[in-house]
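Dear colleague,

Please find the structure below, handed over for your records. My notes on its salt bridges and backbone angles follow it.

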Amino acid sequence: MHSILFAIAVLIAFGLRWAIRCWPGGLSWSIALAFFALPPLLLISTSMAIAWMGCGWMFGLPASMGSHFLAWLFLFWTAVCVAHLAWQTWQTLAAVKIHPLADWQGQKIRLLDTPFPYSAQVGLWSPELVVSQGLLKLLSPEQVNAVLAHENAHRFYRDTWTFFWLGCLRRLTFWLPETESLWQELLWQRECRADRHGAKNCDPLVLAEALALVAQNSMLANPIPLAVPFSGQQDRLLARIDQLLGFSITPDSHRLASWVGSFLLLAIAILPLILIPLHIK
């Protein structure tokens with residue numbers, strides 16, 4: 001019986017990802033997040049329920065050791081994905097901390113000695129602001145301030161923390177369809193939100209200019225691939241610039257909706273756990 005439950009969870013996960021191909025119009029953050037995170041969370045909660053129940057009977061059918069082993073195997077793979085990404089993040093932080101702290105108009109930054117024009121928040125809950133010498137030489141002081149306003153928006157929204165966990169789900173279910181496209185969509189939408197938030201503290205046109213300049217000079221390899229990059233997703237750069245050119249200060253009304261959507265998502269994902277009382281040892 002537990003094998004049937006696991007098979008149903010896998011079919012639902014595939015079905016949700018295939019369904020996105022028929023989704024009309026563009027994807028909002030909450031919809032993209034639901035399609036991206038719900039399948040792996042559903043598989044995790046199903047595995048937890050099966051691992052907790054063990055062998056026995058359910059709905060009059062026997063629960064075999066095979067499904068029990070499969071559930072523990074999936075949970076082990078989940079732990080490996082989290083541990084591996086945490087190890088990579090720790091290595092990145094260690095690499096960043098060897099660079100000196102500097103002061104830029106009252107802000108503490110880690111200054112990278114590289115010609116690559118780069119800025120990013122690096123870390124998890126309390127990331128460090130990393131800026132390269134190349135960026136400071138390329139941009140005017142006003143443009144640098146606009147870039148830092150964008151990066152501070154990432155810190156304000158805890159994007160590095162959010163994308164660490166989303167990155168774990170991405171690795172866990174790389175084999176599901178549309179994983180990479182949804183990941184890129186989520187990254188792009190957070191970049192756009194950071195642009196909008198940053199533009200409240202600087203001239204949007206200056207930020208747009210800085211975006212274009214960094215993109216034109218980003219021909220070298222990215223030195224810190226795990227960070228939330230300022231100049232990432234080149235193919236959608238024009239859309240971000242267009243957004244900034246048409247920018248107007250409006251209240252951010254999407255934050256409450258995102259929280260509500262996240263709670264609803266969590267509620268759906270833990271549904272398999274309510275089956276535990278129906279199991280008979």
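In these notes, a residue is called buried when its relative accessible area is under 20%, exposed when that area is over 50%, and partly exposed in between, with a 1.4 Å probe and protein chains only. This is a predicted model, in which local features need pLDDT of at least 70 and side-chain atom pairs count only at pLDDT 80 or more, while totals for chains, interfaces and linings use all residues. Residues are numbered from 1 along each chain as its sequence is written, and side-chain values use heavy atoms, with hydrogens and water left out.

Backbone angles

Most residues other than glycine have a negative phi. Glu 178 is not a glycine, yet its phi is positive, near 70°. Glu 178 sits in the loop between helix H6 (159-172) and helix H7 (179-199); helices (H or I, at least four residues) and strands (E, at least two) are DSSP runs numbered from the N terminus. With a relative accessible area of 24%, Glu 178 is partly exposed.

Gln 105 also has a positive phi, of about 50°, without being a glycine. The loop that holds Gln 105 runs between strand S3 (101-104) and strand S4 (107-112). Gln 105 is exposed, at a relative accessible area of 55%.

Salt bridges

Side chains of opposite charge can pair when their charged atoms come close. A salt bridge here is a side-chain nitrogen of Lys or Arg within 4 Å of a carboxyl oxygen of Asp or Glu. The structure contains five of them.

Lys 97, Arg 110 and Glu 128 are joined in a network of salt bridges. Lys 97 is partly exposed, with a relative accessible area of 46%, whereas Glu 128 is buried, at 16%.

Glu 128 also forms a salt bridge with Arg 110, at 2.9 Å, N to O. This pair links strand S4, which holds Arg 110, to strand S6, which holds Glu 128, across 18 residues. Both Arg 110 and Glu 128 are buried.

A further salt bridge joins Glu 180 and Arg 170, whose closest N and O atoms are 3.0 Å apart. Glu 180 lies in helix H7 and Arg 170 in helix H6, so the pair ties together parts 10 residues apart in sequence. Glu 180 is partly exposed, with a relative accessible area of 38%, and Arg 170 is partly exposed at 26%.

With kind regards
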